[in-house]
Amino acid sequence: METGGLEWLLVPMQQLVSWGAAGAMVFGGVVPYIPQYRDIRRTQNAEGFSTYVCLVLLVANILRILFWFGRRFESPLLWQSIIMIMTMLLMLKLCTEVRVSNELNIKRRSFADFDLNYFWHWSKFTDYVQCVLTFTCVTGYITYLWLDSSLFVETLGFLAVFTEAMLGVPQLYRNYQNRSTEGMSVKMVLMWTSGDTFKTVYFILNQAPFQFSICGLLQVFVDMAILLQVYLYSSYPQKPVSHTAHPASTKAL
């Protein structure tokens, strides 16, 4: 009787934990960008946020969705990609509006110019949307043609998660060049580390495709390397940051 009563309690508890973990996976990646969005909107200054972060995350999550058609994985991971794409588009819209409003007598650039010197530095949000749609259509068509190839599908999945895993590398390299971590939020890096650790454990426990687990471990390694830089460079005088820096903008959970 006691065993039956205990099982009656444990089953809904396990279900709640499962739902909580899934919810964290779906929405956890966008959390760091909420204060960033509010800060840009409040200051009307987007210089501290690199829109290339949006580019990398859009590419990574579009590829992940295409990978889902070739090899089905956990639904929360699929919804995470959809939510992240929407979030990055919102970030791009705000950054573009703020940047254009602060520019004076600057020639307007568009996606239709096909000028690589101004790639991803366009004057209207619609140009970014056109670029994203073009990339989605091209990669989607290629995926449709090669969907029966297991090698192509596995490579697609690896490219998706590997692209996202590399988001911390620019921050790592910048710290190395400056021999300093000034201008970087240690709290944000700790948030990256905890989020990536949780995500990697989630991948392993839920038997996600091996690409997810490998690149999750790579993300944790990069996070730990940045934290090691914080420790090492703390013994040296911090160099002044010559440009506006914002803590956070190079990572998704």
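Lys93 forms a salt bridge with Glu97, the closest N and O atoms being 2.6 Å apart, where a salt bridge is taken as a side-chain nitrogen of Lys or Arg within 4 Å of a carboxyl oxygen of Asp or Glu. The structure is a predicted model, in which local features need pLDDT of at least 70 and side-chain atom pairs count only at pLDDT 80 or more, whereas totals for chains, interfaces and linings use all residues. Residues are numbered from 1 along each chain as its sequence is written, and side-chain values use heavy atoms, with hydrogens and water left out.

The protein chain has nine helices and zero strands, the elements being DSSP runs numbered from the N terminus (helices: H or I, at least four residues; strands: E, at least two). Of the 253 residues in the protein chain, 42% are buried, where buried means under 20% relative accessible area, exposed means over 50%, and partly exposed lies in between (1.4 Å probe, protein chains only).

The structure holds three salt bridges. Glu154 counts as partly exposed at 23% relative accessibility, as does Arg71 at 31%.

Two packed helices are described by the angle between their axes and the distance between the axes. The axes of helix α3 (residues 51-70) and helix α5 come within 10 Å and cross at roughly 30°; axes are lines fitted to C-alpha atoms, for helices over the stretch in contact, and angles run from 0 to 180 degrees between N-to-C directions. Helices α3 and α5 are therefore roughly parallel to each other (under 35 degrees; over 145 is roughly antiparallel, 65 to 115 roughly perpendicular, and the rest oblique).

Helix α5 (residues 125-145) includes Val138, which is partly exposed, with a relative accessible area of 45%. Together with Tyr141, Ile142, Tyr144, Leu145 and Trp146, Val138 makes a nonpolar surface patch of about 690 Å². Patches are made of residues with over 30% relative accessible area and no salt bridge, nonpolar side chains (Val, Leu, Ile, Met, Phe, Trp, Tyr) being joined within 5 Å and like charges within 9 Å. Accessible areas come from the Shrake-Rupley method with a 1.4 Å probe, and for residues only the protein chains shown count as cover.

Phe111, by contrast, is found in the loop between α4 and α5 and counts as buried at 15% relative accessibility. Phe111 and Tyr128 are 17 residues apart in sequence, and their C-alpha atoms are 7.3 Å apart in space.
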